[in-house]
Amino acid sequence: MYRSTLLALAVTAAVANFAHAEPASLLPASNPFAKPSTLPFNYPAFDKIKNEDYAPAFEEGMRQQSLEIEAIANSKAAPTFENTVVAMERSGQLLNRVSTVFSSMVGANTNDTLNALDKDLAPKLAAHSDKIRLNEKLYARIKTLYDKRDKLHLDAESKYLLERYHTDFVRAGAKLSAADKEKLKAYNGKIAALQTQFSQNVLKEANASALVVDSRAELAGMSDKAIDVAAVEAKKRGLDGKFAIPVVNTTQQAPLSVLTNRATREKLLATSLARGSRGGDYDNRALVLELAKARADRAALLGYPSHAAYMLEDQTAKTTGAVNTLLADFAKPAVRNAKREAADLQKVIDAEGGKFQAAAYDWNYYSDKVRAQRYAFDENQLRPYFEFNNVLVNGVFFAATKEFGITFKERKDLPVYDPDVRVFDVFDADGKQLAIFLHDPYARANKRGGAWMNAYVGQNKLLGTHPVVANHLNIPKPAAGEPTLLTYDEARTMFHEFGHALHGMFSNVKYPRFSGSRVPRDYVEFPSQVNEMWMAWPEVLANYAKHYQTGAPMPSALLDKVQASSKFNEGYRTTEYLAASILDQRWHQLGPDQIPTDVLAFEAKALQDAGVDFPLVPPRYRTTYFSHVFSGGYSSGYYGYLWAEKLDADTVEWFKEHGGLTRKNGDHFRKTLLSRGGTMDAMEMYRGFRGRDAKIEPLLERRGLTGE
């Protein structure tokens, strides 16, 4: 998942504006944000940044940018592209410096002080953004330029930048009356505050929600070392003598695939499903209703029937109808396949004399048995061949070197915010340094769930900055001295997130507004999904999939089984994803007068109406812990993974048709897509790469949805 820097998005300043002279600063020189970092590529000075440095830097950053914007808006000179649009691209350097680091730390390394500041800042930053986007004089200058854009003799990227600025301002409410602008400001502040509270509740609830059991026997099936970790976790929670399994991120939980005690499985899934809806301080039900209402009210004020209609207008999908059609087209065959898979599970249960009907908490456990019977292997056979460092260096990096000619060198001299973070210099094929890459692999109590990429510094020619990008994962950290052995999904996630990193590293744009992954939300997952293909590519797999103890390569027979089972459980995987995507759309396609009073009842009916209410397959995320859409940047956009996968599957076919993992293919992909950021219409960009629009057939084939 691409992690948009949410605070930076609230700021008109573009990313990484380090090279422009700033207004006189009132911030003490001792504050590490007072001046650009002197480390390579303006890498953040994590070792010098303290909790107390953020608030004054934000305050001064907003003050400085306000002065810059006022100077642009009130200029007596006639508006030109340079003195208006380019000047805005250069504004807000200090605010951007602090916001990029702060938003990353809130996600990856937070604490009570940062959480409190995040809550306090959210409405202030929303108000700051409104002050810019609703500035009548500033909009008038932009509109003057926009109206005569064809006569300004701008290059293609500059013209598109002007068009995007005009669109951004209009969508932000620049055309509203003075009274309506005040209403909009109130909505924006409320929404920002609610989103922040939702996010904090999800993290706190995850830390508070755990399956607690009294005996090792109840955790039968887990390894002795994993049970020992559960004992340590319980002790941390003041539950000496007990065992605790924290509940993380998605609905399904990893231990469900190995726990042999059915009652324990049932309790674990129930604990997961109850997050955010079990009462107490972290219950998100009331927040969801408030947030849905505020978003719907704001959309109505801006002239849209729903929040989804407002959001989708600026995506490649364009309309709610297009998204609804996509999801509906997949729902029936996905559920049909999931029911077939459920029947296979039931056969195993019956054969073992189970005397019960399969339930959602049985799925992972028995699907592994089906896989083992059908393909003579289970996921745990793969883990000894997926040692973390091998996957990263000899898999992820190796594939990138083969495809693009880039190389990596780890460095230990740059500061990090956690000892487990690793830092690499990235060099282009000509030997010139291209980027700095940070890799933060392990789960922590102060780190949000999931996996994401963010940019601390974005590339752009206007300011001469180079990429500093990071990948964040949530791999469980093993006991001291033990190897980090990945699941298949964890290894795939490493390749996926590095696809986002490549998008940031290869950016070759003039303006910060278009840097790297600053593309439509339903397009941003496309490059990262493409990069997943190299995980099981024979040449790549042979280079990294080696037994962590013996160094022996993964047996070809095991690899053949992996490939043969590639479509196994696709009915489940597609259905749980569709269910979450449909919930996102149903909540955000509501008008202001359609907000329900019961969150869980609405959720149940939405799934039923869409035909994805299959009890054995709960949504990948339930409403009350669906951070992507209620606190992150994916509101009305969770469908984007499937939308982007259509492009991805079609692109994989292109690579296969043209010889696979070659520099020639990589260079074409880089030149036509990865390097262009958001400089043009996304689908036009895709056609420039592929020579045509994407076809749906490769995706249907990949997900096993082509047959009746």
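Helices (DSSP runs of H or I, at least four residues) and strands (E, at least two) are numbered from the N terminus. This is a predicted model: local features need pLDDT of at least 70, side-chain atom pairs count only at pLDDT 80 or more, and totals for chains, interfaces and linings use all residues. Residues are numbered from 1 along each chain as its sequence is written, and side-chain values use heavy atoms, with hydrogens and water left out.

**Largest cavity**
- The structure holds five cavities of 30 Å³ or more.
- A cavity is a set of points, on a 1 Å grid over the protein atoms alone, where a 1.4 Å probe fits but cannot get out.
- Volume is the space filled by probe spheres set on the points, which are joined across faces, edges and corners.
- The largest cavity has a volume of about 120 Å³.
- H4 supplies the largest share, three residues.
- The lining of the largest cavity divides into nine nonpolar, three polar and two charged residues.
- Nonpolar covers Ala, Val, Leu, Ile, Met, Phe, Trp, Tyr, Cys and Pro; charged covers Asp, Glu, Lys and Arg; the others, Gly among them, are polar.

**Second largest cavity**
- This cavity holds about 50 Å³ of space.
- Its lining residues include Glu403, Phe404, Trp534 and Phe669.
- Helices H15 (388-404), H16 (488-505), H17 (521-531) and H24 (663-674) each give two or more residues to the lining.
- H17 gives the most, with three residues.
- Seven lining residues are nonpolar, two polar and one charged.

**Second largest pocket**
- A pocket is an open set of points with protein on both sides within 12 Å along at least five of seven lines.
- The second largest pocket has a volume of about 280 Å³.
- Of its 18 lining residues, Leu434, Gln459, His466, Ser507 and Asn508 are the closest to its centre.
- Its lining has four nonpolar, nine polar and five charged residues.

**Helix H11**
- Among the buried residues are Arg295, Asp297 and Arg298.
- The buried residues of H11 pack against helices H8 (178-208), H12 (307-312), H20 (570-588), H21 (599-610) and H22 (627-630).
- Just after H11, Gly303 takes a positive phi of about 95°.

Note on methods: 1 Å grid on protein atoms, 1.4 Å probe; cavity = no way out; pocket = protein on both sides within 12 Å on 5 of 7 lines; lining within 4 Å. Buried < 20%, exposed > 50% of the residue type's maximum accessible area, 1.4 Å probe, protein only. Contact = heavy atoms within 4.5 Å.
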